[in-house]
Amino acid sequence: MHIVVVTKATPDTGAKITVENGVPTWKEAMVINPWDEYSVTEAVVLKEEHKAKVTIMAVGPAEHDDALKQGLAIGCDEAIRVWDEALVGHDSLQYARALAAAIKKLGDVTLVIFGKEFADSGSNQHIYQTARLLGFQVLGSVSKLISLDFGAGTIKVERSVEQGKQTVSSKLPAVLGVLKDITEPRYPSFIGIRKAAKAQIPVWGLSDLGIEAGTPKATILSYSEPPKREGEVEFIEGESPREIAEKLAEKLLEEKVL
Amino acid sequence: MKIFVWTEHFDNKLAQASKEAIGAAKSLGDQVTALVFGQNVDAIVQEAFHFGADAVIKADDATLADFRAEPYIALVAQIARDHQPDAILAGATTRGREVLGGVSADLDAALLDDVLSLSIEDGKLTATRAMYAGKVLTKEQLSGEGVQLATLRSRAFKALDADTSRSGEVISVEPVLSEDEIATKSEGFEGTVGEISLTEAAIIVSGGRGVGGPEGFEPIRELAKVLGGAVGASRATVDAGWIPYEHQVGQTGKVVSPDLYIAAGISGAIQHQAGMRNSKVIVAINKDAEAPIFKLARYGVVGDLFEIVPALTEVFKEKLGK
Amino acid sequence: MDFALTEEHKMIRQMVRDFAMKEVYPTIKEWDRRQEMNPEILPRMAELGILGINIPVRYGGQGMDYISLALACEELERVDTTLRVIMSVHMGLNSMALFQWGTEEQKQRFLVPQARGEKYAAFCLTEPNAGSDVAALQATARREGDVYILNGEKMWISLATKAHHFLVIAKTDPHADPPHHGMTAFIVTSDMRGVKTGDIHGKLGVRAGSTGWVVMENVEVPLENRLGEEGEGFYIAMSALDNGRYTVAAGATGLIRACLEDSIKYCHERSTFGKPIAKHQLVQQKIAYMQQWYDAAFLLVMRAGWMKNAGLRNTRETSMAKWYATDMSVQAALEAVQIHGAYGFSDEYDVERYLRNSKGAVIYEGTSEIHQLMQAGYALGLREDRPLRCELPAYDPEYWQAEASEIAVGD
């Protein structure tokens with residue numbers, strides 16, 4: 001029973017991000033991708049319930065080590081970082097190929113868990129791509145894990161979609177993309193912190209994985225800051241809440257947004 | 001350009017996101033084919049035509065009755081191999097992103113996920129996307145080899161007006177996987193009754209820490225109901241357990257872009273702004289005139305939400321005749 | 001010389017920060033208004049190991065060093081003073097005193113459950129008529145065979161109504177000369193017959209915490225609950241204060257940082273006379289001072305922590321850190337309210353709570369005036385610290401982190 005949970009470091013959600021000299025820039029620290037606080041915790045919860053082993057993985061340069069260490073501190077057993085200079089400027093498919101190769105190299109993985117999406121790229125395609133490249137079942141938008149039986153090789157989850165909740169069962173191996181509802185994120189434990197602080201994280205390159213980097217088929221041409229919202233706020237004042245409400249309602253009717 | 005649109009439907013109606021995707025495809029390509037999967041989907045096929053599809057590829061089968069990623073991904077990939085479209089689009093809904101994400105790997109075709117705008121430059125799909133929850137915008141481009149994929153953010157593209165006189169060719173295809181070959185089973189569906197999903201809502205009324213507790217969302221809900229809108233919430237209120245997570249707007253909640261966003265008792269932390277700054281008109285109601293939310297707002301009221309929001313509800317009840 | 005925190009320290013700081021911000025901050029104003037302690041806080045701090053952070057693993061703790069304790073206190077008080085107060089009494093004044101002075105049997109019985117967070121601990125020195133003048137305390141302990149009979153009233157006791165274990169200082173010899181030679185320390189448990197507790201309301205600050213009184217009426221305390229020797233109570237109390245004050249100083253550093261961070265944020269948001277107030281020089285001066293106070297307080301705390309880790313006596317250095325950090329936290333809170341203007345005067349913002357919370361710490365665990373006398377005494381050569389029978393053990397990561405079973409017999 002071996003679970004892989006995938007993470008990366010992203011700027012703190014409170015970061016003020018600007019575009020300087022054509023690249024996104026911020027001063028705040030990098031933190032574990034906020035959605036992964038949930039996936040990592042869920043992996044650790046499952047580890048405890050099923051006596052499984054959890055490996056946390058990231059694909060990227062050394063700046064992702066802190067996110068991996070955070071995972072170790074929360075309770076993951078091992079961390080592996082996949083990186084190779086040939087992957088600089090990679091697109092999502094290249095990322096997924098490298099990740100899938102690393103998961104295959106572990107050999108005995110039957111469950112892979114991702115957070116909902118990457119907070120930096122705003123994308124979740126890597127989840128589905130990795131699953132298909134591995135030949136695993138993919139269950140996205142999982143809001144609840146109803147049952148998991150490694151012995152029987154089955155899993156049942158609740159998926160949260162736009163119109164409601166769907167219950168789906170599947171055979172293992174499977175890839176899950178989990179939402180915030182899945183669990184309450186855990187903080188690192190002190191014992192975990194000690195372990196993480198000492199950890200030397202192995203880096204697997206493409207030659208270790210026996211794959212080629214390939215070339216990106218999607219490229220970012222430019223970055224820009226979103227246009228500033230135009231105009232100043234117009235404060236609505238009045239003698240009574242009723243008067244304020246009437247004035248505001250008139251304005252909104254004029255805006256034709258109702 | 002030959003563009004396919006994977007569509008989805010619910011309650012026997014074509015999803016709004018799919019209508020928008022067909023609309024976007026029409027503005028880009030000369031030949032738009034909608035893919036309609038499910039069981040007994042003839043009404044959906046007609047709707048796809050009404051909203052602009054020139055042709056429909058239909059797969060009507062029990063194995064496709066409920067959405068499951070595995071048979072849907074396999075089928076879209078197979079159709080792409082057989083029919084060689086230049087591009088496949090879908091709404092960036094939960095299902096749309098899963099399907100095209102999977103297809104992307106199956107076909108080794110790149111995908112622009114959750115795009116805000118879309119164009120074709122030298123035959124290459126080119127998009128605006130939001131990174132860091134909208135704090136940065138990117139211009140991204142696919143290499144143009146093989147089929148090109150994109151999922152389209154809800155409300156970022158316009159659907160065409162329905163034209164019930166429209167019709168076209170329907171091609172029926174068989175599913176790729178038989179029931180025995182599918183490892184997943186859909187075991188039930190519990191719909192959210194009467195609630196409008198945040199990402200599709202044209203009007204959102206949101207409450208923040210200023211609502212003070214779970215019961216403080218009552219006036220927010222009433223106003224949302226009168227306006228026909230959805231209820232949103234700040235992270236603080238969700239974390240405090242006052243309202244379920246599916247209402248959370250912001251960086252770790254939903255990113256929304258309604259026509260009208262009313263923020264009541266929300267100070268406007270940067271994470272919240274990231275989720276709602278693309279709303280057309282923002283109204284902020286807050287006791288604190290210095291709250292950052294007023295910097296985004298078109299209209300502001302400095303006052304107690306428990307006085308202003310119920311007064312608004314009353315006024316709109318009268319004006320909208322409800 | 002090395003000013004760098006270790007990776008471990010940084011991760012601990014982040015962990016405590018996340019806990020305080022996510023679980024306490026969202027509702028702290030509400031609890032402060034209600035003058036009640038959020039009942040989820042103590043169990044959560046126990047569960048996360050914070051209540052045993054710097055106690056060796058073999059005694060149920062987490063085996064981290066004294067610097068980690070300070071960093072945790074700073075992060076806790078960054079959100080609310082009442083969180084740090086828990087650490088001051090449970091850890092600084094009680095658990096660390098047991099660790100320093102307790103017999104192995106007492107450590108097993110009392111320290112282990114405290115470090116695990118199964119039992120909460122408080123410290124009972126102050127009385128209605130004995131604060132700074134410790135020798136004036138009136139609680140008595142009369143020996144009768146194998147028990148002591150305790151009588152007296154203790155006041156301004158943090159966690160009075162929450163704690164299971166109290167470290168009580170009482171007079172075994174009311175006529176001793178000098179009087180402090182007649183004091184003895186006892187471990188009193190809340191379930192002993194004759195122990196009554198209650199909360200005090202109407203405090204200026206720390207309203208989301210529990211502060212109260214403990215009354216003992218003919219409480220029978222077994223001999224094995226006496227901490228240290230008879231007559232050693234004053235020294236035990238003073239050494240406990242060396243640890244309590246350390247947590248107060250570290251916490252006050254967090255309070256200064258709270259004032260600074262909130263003021264910086266507000267300075268960028270608020271505009272007057274056509275520009276953000278951050279551009280006004282008189283506002284800048286306040287910010288510069290707050291930063292100076294923070295840096296200096298933090299360094300003083302780190303020095304005291306470094307000395308504790310090294311097993312060096314640090315009464316003077318801890319007193320200096322406590323005096324400076326708490327005095328400056330009051331100043332920082334005053335300036336933060338000033339920067340926030342009329343908004344700072346209302347509870348829409350947090351700074352008014354910071355101001356109310358800051359004031360207690362220049363009174364308890366040695367008023368600022370007591371610390372001034374101490375510092376003058378050291379400087380003038382009128383005061384010196386003599387070695388104690390039991391010193392606070394230096395930090396030894398190997399011993400601290402080993403499970404009890406891993407330690408060789410006779411170790």
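Two strands pair if DSSP finds at least two bridges between them. The legends below describe close-up views of a predicted model.

**View 1. Strands S16 and S17 of chain B pair side by side.** Strand S16 of chain B covers residues 281-286, and four bridges link this strand to S17(B) in the parallel sense. Within this pairing, B:Val283 has B:Tyr299 of S17(B) opposite it.

**View 2. Strand S17 of chain B also pairs with a strand of chain A.** S17 of chain B, residues 299-302, runs parallel to S15(A), and two bridges join them. On the chain A side, A:Glu234 has B:Tyr299 in S17(B) as its bridge partner.

**View 3. An open sheet takes strands from chains A and B.** The sheet has 10 strands with mixed pairing, in the order S14(A)-S9(B)-S8(B)-S7(B)-S10(B)-S6(B)-S1(B)-S4(B)-S5(B)-S11(B). S14 of chain A and strand S11 (169-172) of chain B stand at the edges; each has a single partner strand, so one side of each is left without a neighbour in the sheet. From one strand to the next, the twist averages 30°.

View 4. S6 (residues 87-91) and S10 (residues 148-152) of chain B pair over five bridges in the parallel sense. Here B:Leu89 stands opposite B:Ala150, a residue of S10(B). Helix H1 of chain B, residues 16-28, packs on the sheet and touches strand S1 (2-6), strand S4 (31-38), S6, strand S7 (111-121) and S10 of chain B. The direction of H1 makes about 145° with that of S6(B).

**View 5. Helix H4 of chain A crosses helix H4 of chain B.** The axes of H4(A) and H4(B), the latter covering residues 94-107, come within 7 Å and cross at roughly 45°. That angle makes H4(A) oblique to H4(B). The crossing of H4(A) past H4(B) is right-handed. From H4(A), the residues that meet the other helix are A:Gln125, A:Ile127, A:Tyr128, A:Gln129, A:Arg132 and A:Leu133. Their counterparts in H4(B) are B:Arg97, B:Glu98, B:Gly101, B:Gly102, B:Ser104, B:Ala105 and B:Asp106. Sorted by class, this contact has four nonpolar, five polar and four charged residues.

**View 6. Chain A and chain B share an interface.** In this contact, 72 residues of chain A touch 78 residues of chain B. Among the elements of chain A that each supply at least two residues are helix H3 (92-106), helix H4 (125-134), strand S9 (137-149) and strand S14 (218-224). H7(A) gives the most to this side, with 11 residues. The chain A side divides into 32 nonpolar, 23 polar and 17 charged residues.

**View 7. Chain C touches chain B.** Seven residues from chain C and seven residues from chain B make up this contact. On the chain C side, two residues are nonpolar, one is polar and four are charged.

**View 8. Chain A is shown by itself.** Chain A contains seven helices and 15 strands. The C-alpha trace of chain A spans about 70 × 45 × 40 Å along its principal axes. Of the 258 residues in this chain, 52% count as buried. Among contacts in chain A between residues at least 6 apart in sequence, 67% join residues at least 24 apart.

Note on methods. Residues numbered from 1 in each chain as written. Chains lettered and ligands numbered in written order. Predicted model: local features only at pLDDT ≥ 70, side-chain atom pairs only at ≥ 80, totals over all residues. Contact = placed C-beta atoms within 7 Å. Nonpolar A, V, L, I, M, F, W, Y, C, P; charged D, E, K, R; others polar. Buried ≥ 20, exposed ≤ 12 C-beta atoms within 10 Å, placed from the backbone. Axes fitted to C-alpha atoms, helices over the stretch in contact; angles between N-to-C directions. Parallel < 35°, antiparallel > 145°, perpendicular 65-115°, else oblique. Left-handed = near helix turned anticlockwise from the far one by under 90°.
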